[in-house]
Amino acid sequence: MDKLIIQQLINNLELEFNKLDNFLLKCSKSEKTNLLNQIAYHIISSGGKRIRPLLTIATCKLFHPDDKILNKSIYLASSIEFIHTATLLHDDVVDSSNSRRNKPTANYIWGNKSSILVGDFLFSQSFKQMIKTENLKVLEILANISAKIAEAEVWQLELIGNLDIKFDEYINLITAKTANLFSAACLCSSILSNASIEQQNALSNYGLNLGILFQITDDIRDYFCNSDELGKNPGSDFFENKITLPIIIILNIANTKDLLDIKNILTHDNKNDMHFAKLITLFDKYQIKCECYKVLNSFIQKGKEDLDCVQDSIFKTYFVSLINSYENLK
């Protein structure tokens, strides 16, 4: 996702964004345990772009909200960010990750037990903020999304090392795990902003396609970027036996001999950097990066069509630019 567009969006929402940041830090503090404060501050201030809450507040701005609605969008944005942050803490434990965004993970510093419990605390904070939106439909959507994310995490664990995963199954997984929260951010904010049903559906679809683009790009980058670009070591999906888009594609197009080599690499009990390098060589042979971007383009086209019913504004321009920015990836 284009960093310049995100920064421009932040600049246009500076007042609301600062209010959100302060609110997140305030809500994640405990008077009883300093350990919770340390871990929560570590993850919340770790340099993330706040993309999901940005989408939440920017969606609200699309519909020219009054102060009351805008304040509710801050509560909504904080709820969505707490859900996301809690899942990061849990993911890092499940994946035994040592770094994220070029910083040590909470589980690496404080251990798995503390990270899981603080993740649970942040989940509870998300529901406290949901209630402040005073909208039962929003509460229902976010509660369902939270359950789907947790279910998808277990589903992904079940699919570890499964070389028979189909493309549609992969899309369903990343939709449940990642894209649904993008969609909920846009949909719930449009509901609070009294948008029409047509506009609510449009924003929901826009968020869904943007989230799918976001996750597919992340899966591609894990194989084709270096550690400085990623903020973590490349190949983490490979070493964790996660079957993502690049693997799915090459398993479907490789010749018989290469397919046998690929399967031997992927099922090896003790993968190392040499296995990873050999796989990358095979990716180059079959132009897997290019094939992945063909998949991206299909979702870019869908995302472009989603906002036709929304009135033109600077925020709509940013939304369209976020989708278009994926066309510039190479």
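**Aromatic packing, nonpolar core and cysteines**

The charged end of Arg 52 is placed over the ring of Phe 214, 5.4 Å from its centre; a charge counts as sitting over a ring if NZ of Lys or CZ of Arg is within 6 Å of the ring centre and within 35 degrees of the ring normal. Lys 271 likewise lies over the face of Phe 238, at 5.6 Å from the ring centre. The model is predicted, with local features needing pLDDT of at least 70 and side-chain atom pairs counting only at pLDDT 80 or more, whereas totals for chains, interfaces and linings use all residues. Residues are numbered from 1 along each chain as its sequence is written, and side-chain values use heavy atoms, with hydrogens and water left out.

Ten aromatic pairs are present in the structure; rings of Phe, Tyr and Trp (its six-membered ring) pair if their centres lie within 6.5 Å, and planes under 30 degrees apart count as stacked, over 60 as edge-to-face and the rest as tilted. The ring centres of Tyr 223 and Phe 283 are 5.2 Å apart with planes at 75 degrees, so this pair is edge-to-face. Because Tyr 223 belongs to helix 10 (residues 197-224) and Phe 283 to helix 15 (residues 273-285), the pair ties together parts that are 60 residues apart in sequence; helices are DSSP runs (H or I, at least four residues) numbered from the N terminus. Tyr 223 and Phe 283 are both buried, where buried means under 20% relative accessible area, exposed over 50% and partly exposed in between (1.4 Å probe, protein chains only).

For Phe 238 and Phe 276, the ring centres are 5.5 Å apart and the planes are at 50 degrees, so the pair is tilted. Phe 238 is buried, with a relative accessible area of 2%, and Phe 276 is buried at 13%. Ring pairs join Tyr 223, Phe 224, Phe 238, Phe 239, Phe 276 and Phe 283 into a cluster.

The largest nonpolar core contains 106 residues, and Tyr 223 and Phe 283 are among those with the most contacts inside it; such a core is a set of buried Ala, Val, Leu, Ile, Met, Phe, Trp, Tyr and Cys residues joined through side-chain atoms within 4.5 Å. Helix 9 (residues 167-192) gives the most to this core, with 15 residues.

No disulfides (pairs of cysteine sulfur atoms within 2.5 Å) were found in a search of the whole structure. For Cys 188, the nearest cysteine sulfur is that of Cys 186, 9.6 Å away. Cys 188 is buried, with a relative accessible area of 0%, while Cys 309 is partly exposed at 24%.

Terms used: Helix = DSSP H or I, 4+ residues; strand = E, 2+ residues; numbered from the N terminus.
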